[in-house]
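Hi everyone, thanks for coming.

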Amino acid sequence: MSTEFGFLDQVHRAFNQAAALTDLDGGLLAQIRTCNSVYRLTFPLKRDDGSIEVIEAWRAEHSQHKLPTKGGIRFSSGVTEDEVMALAALMTFKCSVVDVPFGGAKGGIKIDRGHYSAGELERITRRYTYELIKKRFIGPGIDVPAPDYGTGPTEMAWIVDTYKSMSNGEQNPEACVTGKPIEQEGIRGRLDATGRGVFYGIREVCNIPEEMSDLRLPTGLEGKRVVVQGLGNVGYHAARHLEDGGAILVGLAEREGAIANPGGLDLDAVVAHREETGSILGFPGATDIARSAEALELDCDILIPAALENQITAENAGRIQAKIIGEAANGPTTADADQILLERGVRVLPDLYLNAGGVTVSYFEWLKNLSHVRFGRMEKRFDEAAHRSLLVEISRVTGVDVSTTDIPDLGADEEDLVHSGLEETMVVAYHQIRDIEKSLGIKDLRTASFVTAIKKIAISYQELGIFP
Ligand code: NAD
């Protein structure tokens with residue numbers, strides 16, 4: 001894995017490039033760029049065998065221009081302070097791009113979850129939460145974590161339970177974290193939200209004839225050849241929705257290696273094969289690629305890095321064959337690689353736009369927790385009755401019997417509303433950044449996304465009256 005600069009430097013380079021295209025005051029830009037607070041902590045873990053291990057962790061809050069701050073918690077042996085600060089910064093700009101009214105934050109615990117029992121993971125998560133509470137780095141109006149690499153609903157359930165047990169009568173303790181299980185005040189549609197958002201973003205680009213003719217590709221998602229790196233939460237769900245939407249998965253990569261088949265891979269059959277054998281390698285009909293990273297260079301239309309940062313670097317960017325790169329992971333492309341891809345005319349859908357589906361639905365979950373009402377509860381049956389009456393009236397006026405009984409769902413439930421809100425968010429944000437891109441006369445969606453975000457954040461600061 002090659003890194004030309006640290007991850008935070010990469011984010012700063014992208015920020016600076018965009019900032020130069022605005023006419024905002026230098027001091028204001030410096031404030032928008034800087035990371036406001038970082039909490040580095042260590043605590044002891046008593047392991048199952050009785051030994052003690054010191055765990056290292058962080059929580060970074062990049063910007064409080066809107067509260068609460070928001071961002072996932074990752075479990076990874078590679079976590080560093082630089083990485084957590086970079087990811088927190090990306091969260092600030094991401095929230096701004098999709099109009100989610102939060103500042104950015106990120107947490108990291110330096111562990112490889114595969115090396116710990118469920119009981120040990122629970123003790124780590126609960127102790128981390130306890131430490132965040134003590135320093136006021138968590139709370140529904142302060143800082144609201146969510147899942148990220150290596151974490152999921154179970155960890156979020158431990159966080160909310162720890163927070164509730166210490167909240168002493170607080171009214172909305174469930175809103176202290178998102179990505180919770182449904183039974184623990186989570187929201188339907190959060191689990192696959194990031195991957196679904198990736199799908200909506202890619203489908204939107206593919207449906208624009210002008211975009212596709214620039215890339216010499218036919219319009220539409222149908223038949224597009226896709227390679228996905230990482231079959232975790234984001235990668236799996238992105239791949240599943242793309243496959244359902246008519247794309248062909250021609251390559252899939254995991255830690256142990258990659259597989260390719262130009263005729264297409266059946267995602268769920270690959271996942272079943274991996275569960276059975278412990279590896280994606282050896283999948284019937286596919287070619288094995290022992291060095292997983294080589295999958296990034298496969299012949300395809302769309303490449304989706306959905307694992308970790310720094311995967312597309314100056315070293316391999318020249319060999320990427322995809323015409324579209326959908327950044328499902330955070331920071332998968334280094335700044336030098338980005339430049340090479342731009343020069344080669346590859347269309348990069350940047351992380352701060354494309355993987356914003358997770359935080360968008362986290363926002364819906366937070367709203368649900370504050371309102372204590374499930375989306376759709378008040379209006380579902382009312383809408384259903386209104387639509388049925390309309391059908392009866394159409395039948396009466398036209399004399400054509402529009403049967404109302406065999407149309408089952410005429411009112412939207414929570415999941416329908418979440419999907420609809422997410423689709424709207426991803427489509428609107430895409431056109432916003434594309435319009436900015438056009439107005440700047442550039443062909444670079446990352447810079448356009450940063451410019452969009454910086455301008456919106458600047459307004460929040462200017463409203464305070466202390467910045468020009
Ligand atoms: P995850 O832990 O569920 O999945 C990551 C997957 O990547 C795992 O299956 C892992 O085995 C695989 N992987 C690791 N190294 C690899 C390698 N070198 N080659 C191929 N595969 C490899 O994590 P996730 O939640 O899906 O997050 C993935 C990325 O998406 C991260 O960059 C994360 O920050 C970003 N992201 C996640 C969310 C979310 O809602 N979970 C939201 C926005 C962005």
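Let's begin with a term: a polar contact is a pair of N or O atoms within 3.5 Å; within protein, one must be able to donate a hydrogen and the other to accept it, and residues adjacent in sequence count only if both atoms are side-chain atoms. With that in mind, R255 has a side-chain N or O atom 2.9 Å from an oxygen atom of the ligand. For E254, a polar side-chain atom is 2.5 Å from a ligand oxygen, and for D148 the distance is 2.7 Å.

A quick word on the source: this is a predicted model, where local features need pLDDT of at least 70 and side-chain atom pairs count only at pLDDT 80 or more, while totals for chains, interfaces and linings use all residues. Residues are numbered from 1 along each chain as its sequence is written, and side-chain values use heavy atoms, with hydrogens and water left out.

How many residues surround the ligand? There are 23, counting a residue if one of its heavy atoms lies within 4 Å. Among the closest are G150, T194 and N330. By class, this shell has nine nonpolar residues (Ala, Val, Leu, Ile, Met, Phe, Trp, Tyr, Cys and Pro), five charged (Asp, Glu, Lys and Arg) and nine polar, meaning the others, Gly among them. Domain 1 (38–184) and domain 2 (193–354) each give at least three residues to the shell, with bounds from an automatic or database domain assignment.
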